[in-house]
Amino acid sequence: MALINIKIEGYPYQVEEGLTILEAAKLCGYEIPSLCAYNHGECSKGSCRVCLVEATGARGLVASCVYPVAEGMEITISSPKAVEARRASVELLLSNHSLNCQQCDKNGKCELLHVAKITGARENKYIGSKTPVTVDEISPAIVRDTSKCILCGRCVARCSNAHGLGVLGFENRGFATIVAPAGNRSFATSPCIMCGQCVNVCPTGALMEKSEIAKIDQAKKEGKYIVVQTAPAVRAALGEEFGMKIGTPVTGKMVAALKRLGFNKVYDTNFAADLTIMEEATELLDRIKNGGVLPMITSCSPGWVNYAEFYYGDQLDHLSSCKSPHEMMGAIVKSYFAEKNNLDPKDIFVVSIMPCTAKKGEAVRDQLNTNGNADVDAVLTTRELGDLIKRSGINFCALPDEEFDADLLGDYTGAGVIFGVTGGVMEAALRTAYYVLTGKEHELIKFEQVRGFDGIKEASIEIAGQTINVAVASGMKNAKVLLDEIRAGTSKYTFIEIMGCPGGCVAGGGQPYVKPCFLPNEDPDILDTFKAKRAQALYSEDERQAVRQSHNNVQIQKLYEDYLGAPNSHKAHELLHTTYESKKRFK
Amino acid sequence: MAHINEKAVARIREICASYASENTPLMMILSDIQNEFGYIPLEVQEIVSEEIGVSVADIYGVVTFYSFFSLEPKGKYIIGVCLGTACYVKGAGPVLDKFSEILGIKPGETTADGLFTLDALRCIGACGIAPAVTINGKVYPKVKVSDVPGIIDSYKNA
């Protein structure tokens, strides 16, 4: 691409043609105040008018996020005219915005408040009517408060990118415009899969996860025996809540913090991930051997399960009947663990720390309880755990590294760890399926073809003389391609892994926000690289594990010996498997 | 909740199919449906979504953006009172109020018998004959408040 000459604040620069002023300025070392944390095709409207600058050749001020640079252009960011215009833009946004910032859960992470501060915008500069407000707190996963919405449209773009058919859209016209599911419905009565990707990109508190910290306080007051478990992806991101670089693994400090928070047992969901692999690999081999429904599709991602129930109700036989790992963990804690420790399951309170908002919805599914007790009682996102730790006065960065509780459900393998990244469940399942079919370990362990962040990945694996075709998809837009093949009867795959969020759990809807304006020490391309950095934290933990195949987890072997019998036994089915049902999209 | 019979569903699918060669057929499909059925409820939007792969959220956005589209059934006679600047200055406000009073409905609503829908319009470009009223396309020029009962009666008895 050709280079052109521009001037910014009077200094000459050469930049590539075709860039926007905002992008070009960034490369030249200027940070124009803007709300453009996600200028990755997820907002190209230039409608918020925050990033106004003066540019020669343009009529009036221009929105630098959409206005392209041109040969000879002179750009002024700091002129009084530009400074005042940006301030006025933010003041206009604030004029139709809820101003109870102190009570907002986004406080400290709000991009609007950030840009208000750096532009010097004042509250209440413009006072007038406000758009009528909707607060939707009905969904178990996500809260929508339109009084905080600035109509930037990031969530609309992300929802349609992640979900395929977006649930969120702009409604009405002019001052009455809102962002909402069709008809200003609740998320609970529309085909929202609760993936939380909208929450990840919302610059304000308009979209937030539904906090469950109060449930834990209540359980403590009631004197419950509290067992906490953490999903693999949490350890790869929790450190970010405390200012650590993205991709810093914090497993030991996370465990230390949880122990100091007064939980009775601190376990790793990875134990149950190993259990899932035992059940799921056995189910797959059974389907192959006995002419069951193929391809079989993984069922650990509740966002994906929701999508299947909304849009592929006729194809639910393809889903593995396995519960997701944290639900299996809950079921085992309230049965096997309870019996071994002489506890009444009613007195046990299981808390899951998840990178996910959809897990909150999963935990309250009717199908996921054992003898009337919900398998899991509360789900906190990685962000909520960060809040809980801060609230409790723990200096996270100064904590020592500690180990998970080791009794009964404490062992885990490298196979469980990589569940947190797209392709990980597939890789873990292949390690065990290979062993079950051939009686020996696969020499490679690593299955590179299913790693990486392509939307759809495929591989062919030779096992015992058979070629098994597998595919991995993350994000529903990609999953849809594979599902339409299945519906049309043309799918060539035997086994498919699907994750709701693009990139898998490392980029889940409950993970710490990746907002460049709050991450001055990260690389400029962090929005493109953060998933790989978090994934690397998991792959390196896999490599550090002495045992890297689920079937070699000694405590899992003992659980089968002592309690379950064998994978897919009657008892295992009772505790570890579930059912699905086709759901109406709009209620 | 609207209930759509099989015949209507088939017709909506047919309308969608008739624009299969278009890149962005949404507006044309919605226009046809609005003209033929008189409204575009969510259930119909769901069918359109399935047929053309555009999300219901997007379709709903379009339906609520353009005042030509309606989510609710409209009456047999659609009375539009222009509230553009010229008509307003010439007394369209009291004319609208009179329609409202006699029919017992607010602008945007439909009478219980399904006969009349009352709409407040933005400028319809008939400023020379302000205040203007349209009923199913027929234009009434320079309408006075005292004309309103007679206009309504002429449709009631039609």
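Two residues are in contact if their C-beta atoms, placed from the backbone, lie within 7 Å. On that basis, 16 residues of domain 1 of chain A are in contact with 21 residues of domain 2 of chain A. The structure is a predicted model, in which local features need pLDDT of at least 70, side-chain atom pairs count only at pLDDT 80 or more, and totals for chains, interfaces and linings use all residues. Residues are numbered from 1 along each chain as its sequence is written, while chains are lettered from A and ligands numbered from 1 in the order in which they are written.

**Chain A as a whole**

- Chain A contains 19 helices and 20 strands; helices (H or I, at least four residues) and strands (E, at least two) are DSSP runs, numbered from the N terminus.
- The radius of gyration of chain A is 25 Å, which agrees with the value near 25 Å for a compact globule of 587 residues. This radius is taken over C-alpha atoms, and the globule rule is 2.2 Å times the number of residues to the power 0.38.
- The C-alpha trace of chain A spans about 75 × 55 × 50 Å along its principal axes.
- Of the 587 residues in chain A, 52% are buried. A residue is buried if 20 or more other C-beta atoms lie within 10 Å of its own, exposed if 12 or fewer, and partly exposed in between, with C-beta atoms placed from the backbone.
- Among the contacts in chain A with a separation of 6 or more, 75% join residues 24 or more positions apart.

**Domains**

- Chain A is assigned domain 1 (3–94), domain 2 (96–209) and domain 3 (214–576); such bounds come from an automatic or database domain assignment.
- In chain A, the C-alpha centres of domain 1 and domain 2 are 25 Å apart. The side of domain 1 of chain A that touches domain 2 of chain A has eleven nonpolar, no polar and five charged residues. In this classification Ala, Val, Leu, Ile, Met, Phe, Trp, Tyr, Cys and Pro count as nonpolar, Asp, Glu, Lys and Arg as charged, and the others, Gly among them, as polar.
- Chain B has domain 1 (6–65) and domain 2 (77–156), and the C-alpha centres of these two domains of chain B lie 29 Å apart.

**Contact between the chains**

- Eleven residues from chain B and 15 residues from chain A take part in the contact.
- On the side of chain B that touches chain A, helix 3 (42–52) and helix 4 (56–65) of chain B each supply at least two residues. Helix 4 of chain B gives the largest share, seven residues.
- That side of chain B consists of five nonpolar, four polar and two charged residues.

**The sheet of chain B**

- Strands of a sheet pair through backbone hydrogen bonds, either parallel or antiparallel.
- Chain B has an open sheet of four strands in the order 2-1-3-4, with mixed pairing; two strands pair if DSSP finds at least two bridges between them.
- Strand 2 (116–121) and strand 4 (138–140) of chain B are the edge strands, each pairing on one side only.
- Six bridges join strand 1 (residues 77–82) and strand 2 of chain B in the parallel sense. B:I78 has B:T117, in strand 2 of chain B, as its bridge partner.

**Helix 8 of chain A**

- Helix 8 (residues 251–260) of chain A is largely enclosed by the rest of the structure, because seven of its ten residues are buried.
- The buried residues of helix 8 of chain A include A:T251, A:K253 and A:M254.
- These buried residues pack against several elements of chain A, among them strand 11 (225–230), helix 7 (232–235) and helix 17 (526–544).
- After helix 8 of chain A comes A:G262, with a positive phi near 85 degrees.

- Most residues other than glycine have a negative phi, and most peptide bonds are trans.
- The peptide bond from A:L294 to A:P295 is cis, with omega near -5 degrees; A:P295 lies in the loop between helix 9 (269–289) and strand 13 (296–297) of chain A.
- The bond from B:A130 to B:P131 is also a cis peptide bond, with omega near -10 degrees, and B:P131 lies in the loop between strand 2 and strand 3 of chain B.
- A:L151 is not a glycine, yet its phi is positive at about 60 degrees. A:L151 is partly exposed, with 17 other C-beta atoms within 10 Å.
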